[in-house]
Amino acid sequence: MVSDKARRTQVKHFPPQAIKNNPEYQISHSYKKNNALYQKTGETPISLIILEARWRLSGHILRQAINTPPNVATTKYFKTEGSKQRGRPKTSIVTTLRRDLKSHNNDHWPTKLHSINDLDHLRDIAQNRSDWKHLTTAVYKSAQAETSVDVAADGH
């Protein structure tokens, strides 16, 4: 068994100046940007994967009957207009979809979600699966262009 005193004598003492000037102990501050890492690895940013999954799930919800709980909650969101809450606005699926729609500019697809009429228009689009797929792809591609990541797209 080695005593503490013996252990302390075995430890090499480096003065802080020696560590500071030794390149072996230097921390590299040349961080890579996320886009460079995504390009190098060929991976899709997680934000785009989540965006695609969110739109696919929204399509499923909008195709369901109007009296299902997710559709009732979404409709209720637009009917409770008058009560303003203090502080930061709550993030909901409607506000997130609204932000996604606003970011994509396309004359063929809706670019807003501000009223119950806009929600009904999205419901009509969701009933036709191929139209919903085209809208989802358009939103995905505009988000991909915003992130300016040039990765191998897997079917988009």
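**Salt bridges and a helix contact**

Modeller: Arg123 and Asp120 sit three residues apart in helix α7, so about one helical turn separates them. Keep in mind that this is a predicted model.

Colleague: How many salt bridges does a search of the whole structure find? And which residue pairs with Arg54?

Modeller: The whole-structure search turns up two. For Arg54, look from helix α4 (residues 46-63) across to helix α6 (residues 93-103), as the pair ties together parts 46 residues apart in sequence. The closest N and O atoms are 3.1 Å apart, and the partner is Asp100.

Colleague: Is Asp100 buried or exposed?

Modeller: The cut-off for buried is under 20% relative accessible area. Asp100 has 6% relative accessibility, so Asp100 counts as buried.

Colleague: Back to α7: how is α7 oriented relative to α8?

Modeller: The axes of α7 (residues 116-127) and α8 (residues 129-147) come within 5 Å and cross at roughly 115°. That makes the two roughly perpendicular.

Colleague: Which residues of α8 make that contact?

Modeller: By class, the contact has five nonpolar, one polar and two charged residues. From α7 come Leu122, Ile125, Ala126 and Gln127, and from α8 come Arg129, Asp131, Trp132 and Leu135.

Methods: Residues numbered from 1 in each chain as written. Predicted model: local features only at pLDDT ≥ 70, side-chain atom pairs only at ≥ 80, totals over all residues. Heavy atoms only, no water. Axes fitted to C-alpha atoms, helices over the stretch in contact; angles between N-to-C directions. Helix = DSSP H or I, 4+ residues; strand = E, 2+ residues; numbered from the N terminus. Parallel < 35°, antiparallel > 145°, perpendicular 65-115°, else oblique. Contact = heavy atoms within 4.5 Å. Nonpolar A, V, L, I, M, F, W, Y, C, P; charged D, E, K, R; others polar. Salt bridge = Lys/Arg side-chain N within 4 Å of Asp/Glu carboxyl O. Buried < 20%, exposed > 50% of the residue type's maximum accessible area, 1.4 Å probe, protein only.
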